Amino acid sequence: MNYQPWIQHFYTNRLDRPEPDWGAPFAMPEEKRRLLALSLAEYQLGDGGGECKLVARDAEHYRGSAEEVQTVIDLWFAEEREHSRLLACGVKRVGGQFVTTTFGFELFYAIRRRLGVQFEILVLLVVEIVSTGYYRVIRRHVGDEPLADMCKLILRDEARHIDFHRDRLAARHGQSVGVLWTCQFHLLAEACAWFLWHGHGRALRALGGTRQELFGYVRSGVINFLAELAQCTTAEEEPVPPQPKQWIQATP
């Protein structure tokens with residue numbers, strides 16, 4: 001895989017990032033605010049607030065396989081830390097309290113540590129696709145411009161992360177990843193979406209979102225990702241990362 005276009009993308013993406021107006025007036029019904037604060041605090045911990053790096057047993061061997069690999073992985077996680085910073089601002093805006101651990105957080109890291117780095121990266125890709133559903137529901141229903149702008153920034157980044165993983169998998173597997181791999185991907189996404197709804201469904205419902213809405217975003221994201229992956233080739237000259245996906249950007 002030619003990592004240079006992606007390394008350049010991550011450097012360029014640090015530019016033109018309008019900061020949400022965190023000082024704007026804030027008003028939200030108390031129950032809605034309380035549930036959203038709990039949800040954002042947990043997401044802040046998981047989205048770069050913990051060990052923001054690959055943690056699988058063979059992670060360092062993978063990072064050390066080539067200088068470009070180490071660079072692009074580090075830049076990817078640097079953006080995840082930026083998401084954690086944005087979410088921390090969101091937690092403060094809704095008057096929430098930060099958390100240092102949760103059952104879901106510990107379970108997620110235990111799974112990542114025990115399995116190999118390739119499966120860890122696959123799980124992280126699935127989480128990023130599922131997370132786009134979470135951010136899209138919040139952006140659509142939150143009724144607070146700074147929080148909606150926060151989601152817009154994160155969604156912009158996640159769209160590129162998903163494209164990066166698409167190109168990486170295309171280079172690793174070629175044009176076809178096989179039926180079993182595709183079924184595994186669907187099952188992982190479905191399980192991750194249910195886990196997210198179990199932990200954050202009350203907050204999303206309080207905003208006005210629904211389970212059907214969240215799962216609709218997740219399933220369309222998975223279908224679009226797999227369709228694009230099927231169309232990819234392993235040509236020597238890879239294209240510059242494309243423009244943001246309509247299925248990410250379509251949220252009002």
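Q: How much space lies in the largest pocket?
A: This is a predicted model, and in it the largest pocket holds about 1,000 Å³ of space.

Q: Which residues are closest to the centre of that pocket?
A: They are Gly104, Phe108, Val127, Cys192 and Phe195, out of 37 residues that line the largest pocket.

Q: And which elements give two or more residues to the lining?
A: Those elements are α2, α4 (67–93), α5, α6 (117–141) and α8 (179–207).

Q: Turning to the surface, which residues form the nonpolar patch?
A: The patch consists of Phe103, Leu107, Ile111, Leu115 and Phe195. Together these residues have about 470 Å² of accessible area. Phe195 is also among the lining residues closest to the centre of the largest pocket.

Q: Where does the largest share of the patch come from?
A: Helix α5, residues 103–114, supplies three residues, the largest share. Helix α5 is also one of the elements that give two or more residues to the pocket lining.

Q: Take Ile111: why is it classed as partly exposed?
A: Ile111, which is in helix α5, has a relative accessible area of 39%. Partly exposed covers values between the buried limit, under 20%, and the exposed limit, over 50%, so Ile111 at 39% is partly exposed.

Q: Next, Gln44. Where is it found?
A: Gln44 is in helix α2, which spans residues 30–49.

Q: Is Gln44 buried or exposed?
A: Gln44 is buried, because its relative accessible area is 12% and buried means under 20%.

Q: What joins the side chains of Gln44 and Ser84?
A: A polar contact of 2.8 Å joins them.

Q: Buried or exposed, for Asp16?
A: Asp16 counts as exposed, because its relative accessibility is 64% and the exposed class is over 50%.

Q: Finally, how far apart are Gln231 and Ala170?
A: In sequence, 61 residues separate Gln231 from Ala170, and in space their C-alpha atoms are 9.0 Å apart. Gln231 belongs to helix α9, residues 211–231.

Q: And how is Gln231 classed, buried or exposed?
A: Gln231 is exposed, with a relative accessible area of 63%.

Technical notes: Residues are numbered from 1 along each chain as its sequence is written. This is a predicted model: local features need pLDDT of at least 70, side-chain atom pairs count only at pLDDT 80 or more; totals for chains, interfaces and linings use all residues. Side-chain values use heavy atoms; hydrogens and water are left out. Helices (H or I, at least four residues) and strands (E, at least two) are DSSP runs, numbered from the N terminus. Buried means under 20% relative accessible area, exposed over 50%, partly exposed in between (1.4 Å probe, protein chains only). A polar contact is a pair of N or O atoms within 3.5 Å; within protein, one must be able to donate a hydrogen and the other to accept it, and residues adjacent in sequence count only if both atoms are side-chain atoms. Patches are made of residues with over 30% relative accessible area and no salt bridge: like charges are joined within 9 Å, nonpolar side chains (Val, Leu, Ile, Met, Phe, Trp, Tyr) within 5 Å. Accessible areas come from the Shrake-Rupley method with a 1.4 Å probe; for residues, only the protein chains shown count as cover. A salt bridge is a side-chain nitrogen of Lys or Arg within 4 Å of a carboxyl oxygen of Asp or Glu. On a 1 Å grid over the protein atoms alone, a cavity is a set of points where a 1.4 Å probe fits but cannot get out, and a pocket is an open set with protein on both sides within 12 Å along at least five of seven lines; lining residues have an atom within 4 Å of a point. Grid points are joined across faces, edges and corners, and a volume is the space filled by probe spheres set on the points.
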